[in-house]
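Thank you all for coming.

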Amino acid sequence: MRAFVVSELAHPSKIAMTQNAPEPKLKPNDVLVEVYSAGLNFFDILQAQGKYQHKPPLPFILGAEFSGKIAAHSPIPKGCPYKPGQRVFGSAQGSYAERVATDWTQILPLPDPLTYDEGAGLYITWPTSYEALAGRANLQPGEWVLVTAAAGGVGIAAVQLAKALGARVIAAAGSEAKLDIAKKYGGADHGVLYSKKGWQKEVLKLTGGKGVDVIYDPVGLIQDSLKCIAWRGRALVVGFAAGTIEKVPTNLVLLKNISIVGLHWGAYTQHEPARRTVVWRELFDLLASGKVKPLLYPTTYPLKRLADGLGAIERRETWGKAIVKVKEEPGVKAKL
């Protein structure tokens with residue numbers, strides 16, 4: 001099968017698609033999924049180089065987020081509610097391939113209104129943003145939220161979800177074009193350029209001098225953002241897309257009476273499985289209501305151009321969720 005196999009650790013630009021990769025080996029609890037679309041993530045770039053926390057033994061197939069359907073010849077483990085041909089989305093190592101083996105507990109049914117492309121970016125991005133805001137920060141209606149990298153995959157989801165939860169949202173990004181995306185598609189109330197010196201003063205002005213109640217940061221801008229956090233504010237550490245793990249001065253945490261809150265959604269399977277069920281139920285309700293909707297980057301990349309898509313993410317050219325098209329959905333043309 002076609003797949004993006006990492007035989008030697010290297011930047012994705014130096015790895016070519018394989019035409020004859022071996023078929024996935026299924027474990028007792030696995031199902032086989034025909035992959036239609038796969039979500040591009042920044043951490044894929046790191047994993048290909050051996051720089052990510054999860055290091056599969058070589059050789060391995062890259063990719064972690066996908067949507068597709070249960071293969072016609074897939075075994076169905078005992079207790080598994082899914083059937084061959086059913087549309088699903090989920091997460092498993094090796095999603096940049098025509099087929100992927102995954103534990104059936106790591107997939108969910110793809111809601112009927114959503115396309116495979118929309119489903120490919122759901123499993124990691126959306127619960128990360130929702131649990132950060134609703135679960136970890138306990139966001140309340142009327143509160144102010146600052147979202148950094150607001151036009152990115154998790155950022156634009158966070159903007160939409162914060163608005164759906166009744167918050168007032170300030171989008172922060174590195175260009176006016178991305179601020180426009182956050183406002184037009186995410187519904188952000190205001191936008192600030194964090195590439196502009198002293199941007200925190202603009203945030204304070206927008207909030208009437210109070211500052212923001214919640215900071216949602218997938219970039220690594222917590223320390224800079226603390227200059228405009230409110231009394232009793234909560235700063236969410238979601239990721240480090242800028243590449244640097246910050247060392248926050250704890251005297252600011254004390255003086256401003258604030259909380260620095262972490263979010264590791266991937267660990268909920270082990271530590272809080274019941275919470276995963278609640279988060280997905282509430283997310284499905286929001287998606288069904290139309291209050292939030294997955295936002296896709298207009299260019300979808302065929303599997304053979306995976307490195308181009310990851311390169312665009314690395315250069316911060318993309319917005320919303322960038323997708324790799326592995327197999328064409330019936331009646332839908334690729335956007336190249």
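In what order do the six strands of the open sheet run, and is their pairing parallel or antiparallel? The order is 10-9-8-11-12-13, with parallel pairing, where two strands pair if DSSP finds at least two bridges between them, and where strands (E, at least two residues) and helices (H or I, at least four) are DSSP runs numbered from the N terminus. The edges are strand 10 (190-193) and strand 13 (259-262), each of which pairs on one side only.

Before I go on, this is a predicted model, in which local features need pLDDT of at least 70 and side-chain atom pairs count only at pLDDT 80 or more, while totals for chains, interfaces and linings use all residues. Residues are numbered from 1 along each chain as its sequence is written, and side-chain values use heavy atoms, leaving out hydrogens and water.

Strand 12 (residues 229-237) pairs with strand 13 in the parallel sense over four bridges, and Val 237 stands opposite Gly 262 in strand 13.

Turning to the rings, the count comes to 10 aromatic pairs, taking rings of Phe, Tyr and Trp (its six-membered ring) with centres within 6.5 Å, and calling planes under 30 degrees apart stacked, over 60 edge-to-face and the rest tilted. Phe 43 and Tyr 52 form a stacked pair, at 5.1 Å centre to centre with 15° between the planes. Elsewhere, ring pairs link Phe 89, Tyr 123, Trp 280 and Phe 284 into a cluster.
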